[in-house]
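User: I have a model open and want to learn how to read it. Can you take me through it feature by feature?

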Amino acid sequence: MAERVIPLVDQRLTALRAMLPERSIPATGLLADTRGRPLRDLRISVTDRCNFRCSYCMPKEVFDKDYQYLPHASLLSFEEITRVARQFLAHGVHKIRLTGGEPLLRKNLEILVSQLAQLRTVDGTPPELTLTTNGSLLARKARALKEAGLQRVTVSLDGLDDAVFRRMNDVDFPVAEVLEGIAAAREAGLGPVKVNMVVKRGTNDHEILTMARHFRGSGIVLRFIEYMDVGATNGWRMDEVMPSAEVRARIASEFPLVPLDPAAPGETAQRWGYADGAGEVGFISSVTQAFCGDCNRARLSTEGKLYLCLFAANGYDLRALVRGGASDEELASAIGHIWQGRDDHYSELRGTLAADTGTGARRVEMSYIGG
Ligand code: SAM
Ligand code: SF4
Ligand code: SF4
């Protein structure tokens, strides 16, 4: 494995300047990018640290004991995050997802949740507030997060076989504790809980049916994610990607499936229902079926850079504006300006020269901007 790991190019050291446009762009909730895509979903990374070392995300060989995480002063404070998020909501965001690194490692995260829960969308409704976690600390934190106003959680879980799971997280973390976290989240009312499984051919594809059997009929929505070429450190290879169509066929061989309508526009997962009514499964096919056409997601990195695509090489430095004394109107204008110029559609270009010259090995790491 180690020889396939590509050295990390530190994209954290570069940033694009977030410019103030000459004419202000007021937040009307009607913003659209160059491809007519609105801004609806904001993913906020609250830490670049993680207690797991999933090889597809933070391989141990790179994220070792000498790896320099961001110093605390670089991170946006909860107040700064909330202030920036308010401007995103004014531009039309309806859903906020907290992510990382491992978001539950950020101290007092429930305080941030309670601040974000006070915000309102352009429709006057509270934003949908969710969190993606590896589940390791969920049993301890589920209740406090719910009380603070978190609505749902998505838990990442790559298998049920303890040995496979310990190998995949690469820190010998037992699967039983993640299952306890999922149970605690349900008990606390953080449902419907979703479980995300990244499928890597030859590593955990034999767990697909075990996972389907375990979660069907439970009210938990299991979703299969194609292993993606995010970042530059995981040594990604196409032959380790198992296309969703193949995963779906494997499940359907035991449990017939019927297609379901998307729950919301721009949704990443294709939904399928068990024909016998035992719930649904989702497939996130970022590699084999690009869904850039209605991608309405913006990503805010741990230290306040705005990324317009998961595969972007650079982000726009909103923190410089926040800490440089910009007013709320100026902040909203800058965000509007950046989104209006957005043309990103990496997954549609994957494998072409345009994709390679566009980002290539300079791509930002997933653990830094979140999933
Ligand atoms: N630590 C949290 C977790 O694992 O849920 C949140 C951050 S993690 C970067 C967000 C999601 O990205 C997880 O579901 C993870 O499995 C997924 N992910 C990370 N690297 C990936 C890759 N190379 N391909 C597909 N999904 C990936
Ligand atoms: Fe950590 Fe999540 Fe990345 Fe795994 S996928 S290393 S849990 S940030
Ligand atoms: Fe959105 Fe970029 Fe993913 Fe396309 S590749 S769906 S633009 S994040």
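User: Is cysteine 309 buried or exposed, and at what relative accessibility?

Analyst: Start with the cut-offs: buried means under 20% relative accessible area, exposed over 50%, and partly exposed in between, with a 1.4 Å probe and protein chains only. Cysteine 309 counts as buried because its relative accessibility is 13%. Keep in mind that this is a predicted model: local features need pLDDT of at least 70, side-chain atom pairs count only at pLDDT 80 or more, and totals for chains, interfaces and linings use all residues. Side-chain values use heavy atoms, with hydrogens and water left out; residues are numbered from 1 along each chain as its sequence is written, while chains are lettered from A and ligands numbered from 1 in the order in which they are written.

User: What is the mean pLDDT of the protein chain, and over which residues is pLDDT below 50?

Analyst: pLDDT is the predictor's confidence in each residue, from 0 to 100. The chain mean is 92, and 93% of the residues reach 70 or more. Over residues 1-7 it is below 50. Beyond near neighbours in sequence, that stretch has 15 contacts in the model; contact means heavy atoms within 4.5 Å. Where pLDDT is low, the predicted coordinates should not be read in detail.

User: Back to cysteine 309. Where is it found, and which residues is it in contact with?

Analyst: Elements come first. Helices (H or I, at least four residues) and strands (E, at least two) are DSSP runs, numbered from the N terminus. Cysteine 309 is in the loop between strand E12 (305-307) and strand E13 (316-317). Leaving aside neighbours within four places in sequence, its contacts are Arg299, Asp344, Tyr346 and Ile369.

User: Which residues does UniProt list with cysteine 309 as "binding site"?

Analyst: Read the record with care. UniProt positions are given in the numbering used here, feature names are shortened, and annotations may be inferred rather than shown by experiment. The unreviewed entry lists Cys292, Cys295 and Cys309. They are spread over 18 residues of sequence, yet they cluster in space, with a largest C-alpha distance of 9.3 Å.

User: Where does cysteine 292 lie, and what does it touch?

Analyst: Cysteine 292 sits in the loop between strand E10 (280-284) and strand E11 (297-300). Its relative accessibility is 11%, so it counts as buried. Not counting residues up to four places away in sequence, it touches Arg37, His345, Tyr346, Ser347 and Glu348.

User: How many residues surround ligand 3, and which are the closest?

Analyst: Ligand 3 has 13 residues around it, the closest being Cys292, Cys295, Cys309, Leu310 and Ser347. E11 and helix H10 (346-349) each supply at least two residues of this shell. Next, classes: Ala, Val, Leu, Ile, Met, Phe, Trp, Tyr, Cys and Pro count as nonpolar, Asp, Glu, Lys and Arg as charged, and the others, Gly among them, as polar. The shell divides into seven nonpolar, two polar and four charged residues.

User: What surrounds ligand 2?

Analyst: Cys50, Phe52, Cys54, Tyr56, Cys57, Met58, Gly101 and Asn134 do. Six are nonpolar, two are polar and none is charged. The unreviewed UniProt entry lists Cys50, Cys54 and Cys57 for "binding site".

User: Where are cysteine 50 and cysteine 57 found?

Analyst: Cysteine 50 is in the loop between strand E2 (41-45) and helix H1 (78-90). Cysteine 57 is also found between E2 and H1. Cysteine 50 is buried at 16% relative accessibility. Cysteine 57 is buried at 19%. Setting aside residues up to four places away, cysteine 50 touches Met58, Gly101, Glu102, Leu105 and Asn134. With that exclusion, cysteine 57 touches Phe63, Thr233, Asn234, Glu365, Met366 and Ser367.

User: Which residues of helix H3 are buried, and which are exposed?

Analyst: In H3 (residues 138-148), Leu138, Ala142, Leu145 and Ala148 are buried. They cover an arc of only 140° around the axis, so they lie on the same side of H3. The arc is that of the directions from the helix axis to the C-beta atoms. Arg140, Arg143 and Glu147 are exposed on the other side. The buried residues pack against helix H2 (109-117), strand E4 (128-133), strand E5 (152-156) and helix H5 (175-188). Glycine 149 follows H3, with a positive phi near 120°.

Technical notes
Near = heavy atom within 4 Å.
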